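Me: Hi! I have a structure open and would like to talk it through with you.
Reply: Happy to, go ahead and show it.

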Amino acid sequence: MKKQWWHGKIAYQIYPRSFQDSNGDGIGDLKGITSRLDYLKALGIDLIWLSPVYVSPGVDNGYDIADYRNIDPKFGTMEDFDELLKGVHARGMQLIMDLVVNHCSSQHPLFKKALADPEGPEAACFYFVKGKNGLPPDNLRSYFGGSVWEKVPGRDNLFYLHYFAKEQPDFNWNCKALRDRVCAMMNWWLDEKGIDGFRIDAIMNVAKDPAFPGLPPDALGDGTCSAAAMTAKMACKAPLILKDLRDRTYGPRGAFTVGEAFGLNPQVLPDICGDDGCFSSVFDFTVRENLEKKPGYYACEKPDAAFWRRGTLKGQALYADVGFPAVITENHDEPRAVSFYLRKDLEGPQGAKCLAAAFMMLRGIPFIYQGQELGMTKTEFADQSEFRDLVAFTEYEKCLSRGMTKAQALERVSLHTRDQSRTPMLWDDSDTAGFTTGTPWIRLHQDHRTLNVKKELADPGSVLCFYKKLIALRKDPQYSECLTWGRTLALDCKNEACMAYVRQSAKQRILVCANFSDKPCALAAQGEILLKTGETALENGALTAAPGAAAVVLLS
Ligand code: GLC
Ligand code: CA
């Protein structure tokens, strides 16, 4: 594998709606982000991924784009964007934008024209397909629930395709005119605006079987099959489309790209993220894909640390000889990892630090999600009306239809909902946590008086300060070669809930041990502790870690 300039970087995801509001309307915005750049720089961040800020009706919080070349007024203006990018570059950081091109918004002018004339040239950029006697062309189920097909108003037997919400019509990537449009738009952002790359949304979905044969029904039991299964089945077709995209845009410009690529398999992986892959990197979603084997929130109980450990180490092995993955434990679609994966008594700063150590030393480019560095835990949603994500509502109904009580449904949706990661960033101990002077668009985390940036910056033992130390360690020239490119060798500590691995380069071996169990754990080791949290000891040839403790050890 070739070494790349971005391999040693630390990335941070900003969900603009929830990061920092500057004008009191309760919605985070670009000016707000610009005002917090010093915070990110001081944390040690090199690369910022900005979730969508383009013009959007906001059905899926910006992942439904109506105008790809303008900023949505709720986030500010193009001048505000230019200011932000200037500020990022002035601090020696880089900015990648979210590229959502599997689909657009039903309010995009191209789709509006297509819908008005489904036989016209614009319609060729989407999938308008005849049904079967008024029924949808196939049995695929949208990621957000219900059929992937929506009837064209005024037509008896014509449908358009949407893998996500019906307000997110899928583009037809076999259409040359569509590809030309997307490439021109991407090059405009790269060349005219000067951004540094893209995080590419839901991208494996672009490969579709134009015969729309459907698939055998899955575990949901209503005769439908998730679109995810079709995407996985079509995975080997995606590189044909995506290498063309690469060669016409970011490839020759040397820009960084990270794909949100679900449904990968070992055969296709080299084409997706190898030296000649479609993208610089892809997120390792092994843990998430294991969760999504269940057909809905109702069928998925709280996972545990052993589940996270197994998936994470499997992901490390999967990419070891192929590419350099982007690693995550949280993002805007994930619940807060501390609450989701850890035992109740580790659901606090100690557990957060332990998880941080296990995560930040992995092989790959770490993407920290806003608030993760504070050790943010689960927000207590008091009532269904406090949810904002469209998926929360459909999953809530699904829970009820499976016989759960309202209280059970609330609890189950609260556990999984994407809203968990979307509650406002906690800056200080004021009434609205320094996020806004108005009313936040979504409720605040209940612990904002005690869990916030201001408090953690002042406390050297905080989760935030621990993240800073981990980042500094990764970048320390004495260890960075090993921590960046070293292989990950999984260790067995005879304890499912204890995560242990060695990063190994030609010159060094660095042991990482994080104990999420309720018993002490011990490993044979000799060397020097580089960083630790909780009660650990390195003596008589062994490293011991108390429950909730973690250590990074330079082995001798
Ligand atoms: C991706 C995004 C998610 C969005 C979906 C549709 O999975 O991360 O937030 O809802 O794509 O664009
Ligand atoms: Ca605002």
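Me: How much space lies in the second largest pocket?
Reply: The second largest pocket holds about 370 Å³ of space. A pocket here, on a 1 Å grid over the protein atoms alone, is an open set of points where a 1.4 Å probe fits, with protein on both sides within 12 Å along at least five of seven lines; lining residues have an atom within 4 Å of a point. Grid points are joined across faces, edges and corners, and a volume is the space filled by probe spheres set on the points.

Me: Which residues are closest to its centre?
Reply: Q4, W6, D275, F279 and S280, out of the 24 residues that line the second largest pocket. The elements giving two or more residues to this lining are α8 (250–253) and β12 (256–259). Helices (H or I, at least four residues) and strands (E, at least two) are DSSP runs, numbered from the N terminus.

Me: And how does the lining split by class?
Reply: The lining of the second largest pocket has 11 nonpolar, nine polar and four charged residues. Ala, Val, Leu, Ile, Met, Phe, Trp, Tyr, Cys and Pro count as nonpolar, Asp, Glu, Lys and Arg as charged, and the others, Gly among them, as polar.

Me: Before we go on, what kind of model is this?
Reply: A predicted one: local features need pLDDT of at least 70, and side-chain atom pairs count only at pLDDT 80 or more, while totals for chains, interfaces and linings use all residues. Residues are numbered from 1 along each chain as its sequence is written, chains are lettered from A and ligands numbered from 1 in the order in which they are written, and side-chain values use heavy atoms, with hydrogens and water left out.

Me: What about the second largest cavity, what volume does it have?
Reply: About 50 Å³. Its lining includes T329, E330, A337 and Y467, and α13 gives the largest share, three residues.

Me: Changing topic: at what angle do α3 and α5 pack?
Reply: α3 (residues 78–90) and α5 (residues 176–193) pack at about 60°, and their axes are 12 Å apart. Axes are lines fitted to C-alpha atoms, for helices over the stretch in contact, and angles run from 0 to 180 degrees between N-to-C directions. That angle makes α3 oblique to α5, as angles under 35 degrees count as roughly parallel, over 145 as roughly antiparallel, 65 to 115 as roughly perpendicular and the rest as oblique.

Me: Which residues meet there?
Reply: M78, F81, D82 and L85 in α3 meet W188, W189 and K193 in α5, where contact means heavy atoms within 4.5 Å. Five of the contact residues are nonpolar, none polar and two charged.
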